[in-house]
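Subject: Structure handover

Hello,

I am passing the structure on to you. Please open it alongside this email and follow the residues as they come up.

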Amino acid sequence: MPTAVRILDDGAWISVDDERVVSVSELWRLTDHDVCNCTTADFLIEGFVEVDVTETTILARAAGQCVTCGASAVSGWLPVGRIVGPDRRFAPLSSGDVRTPQRRRRQ
Ligand SMILES: [Zn+2]
């Protein structure tokens with residue numbers, strides 16, 4: 001069964017299979033990224049812009065700000081979490097995980 005991924009509340013939440021799983025105000029560590037010139041950006045998530053799901057990965061583009069240099073940007077496709085197990089549960093990345101923008105799979 002396909003996983004249903006949506007943005008709710010004007011970008012404040014990502015919902016997976018009708019359950020709110022990730023909200024704004026998280027700090028994500030980004031490397032090899034496109035939001036600013038910091039080698040590793042501490043990116044404060046202010047709003048989700050787009051979401052998508054590949055076979056096993058939930059991806060989102062997020063608006064936010066690097067708290068190190070102050071740059072505001074909309075990110076590329078960042079991993080949010082994975083779909084795991086035979087019951088296709090959502091397993092979020094933890095805030096300490098370093099995230100790298102990914103190319104979205106063509107569907
Ligand atoms: Zn920065």
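In which strand is R99 found? R99 sits in β10, which covers residues 98-99. Keep in mind throughout that this is a predicted model.

R99 is a buried residue without a salt bridge. The side chain of R99 does reach the backbone oxygen of S94, at 3.5 Å. Leaving aside neighbours within four places in sequence, the contacts of R99 include E26, W28, P79 and L93.

Next, the metal site. Which residues hold the zinc ion as protein donors? They are C36, C38, C66 and C69, each through its SG atom, at 2.3 to 2.4 Å from the zinc ion. Along the chain, the donors follow the spacing C-x1-C-x27-C-x2-C. The angles among the four donor atoms run from 107 to 112°, and the site is tetrahedral.

Then come some loop residues. S75 lies between β7 (72-74) and β8 (78-84). Is S75 buried or exposed? S75 is buried, because its relative accessible area is 1%. Not counting residues up to four places away in sequence, S75 touches D34, V35, F43, A60, R61 and A62.

V24 lies in the loop between β3 (19-23) and β4 (27-31). V24 and W13 are 11 residues apart in sequence, and their C-alpha atoms are 6.5 Å apart in space. With residues up to four places away in sequence again left out, V24 touches G11, A12, I45, E46, G47 and F48.

Finally, look at the backbone of two aspartates. D9, in the loop between β1 (5-8) and β2 (13-16), has a phi near 55°, a positive value in a residue other than glycine. D17, in the loop between β2 and β3, has a positive phi of about 50° and is not a glycine either. How exposed are they? D9 counts as partly exposed at 43% relative accessibility, and D17 is partly exposed with a relative accessible area of 35%.

Regards

Note on methods. Residues are numbered from 1 along each chain as its sequence is written. This is a predicted model: local features need pLDDT of at least 70, side-chain atom pairs count only at pLDDT 80 or more; totals for chains, interfaces and linings use all residues. Side-chain values use heavy atoms; hydrogens and water are left out. Helices (H or I, at least four residues) and strands (E, at least two) are DSSP runs, numbered from the N terminus. Buried means under 20% relative accessible area, exposed over 50%, partly exposed in between (1.4 Å probe, protein chains only). Contact means heavy atoms within 4.5 Å. Donors are N, O and S atoms within 2.8 Å of the metal (3.2 Å for Na, K and Ca); water is not among the atoms, so sites may look incomplete. Four donors count as tetrahedral if all angles lie between 85 and 135 degrees; four count as square planar and six as octahedral if opposite donors are over 155 degrees apart and all others between 65 and 115; anything else is irregular. Lys and Arg count as positive and Asp and Glu as negative; His and the chain ends are not counted. A salt bridge is a side-chain nitrogen of Lys or Arg within 4 Å of a carboxyl oxygen of Asp or Glu. A polar contact is a pair of N or O atoms within 3.5 Å; within protein, one must be able to donate a hydrogen and the other to accept it, and residues adjacent in sequence count only if both atoms are side-chain atoms.
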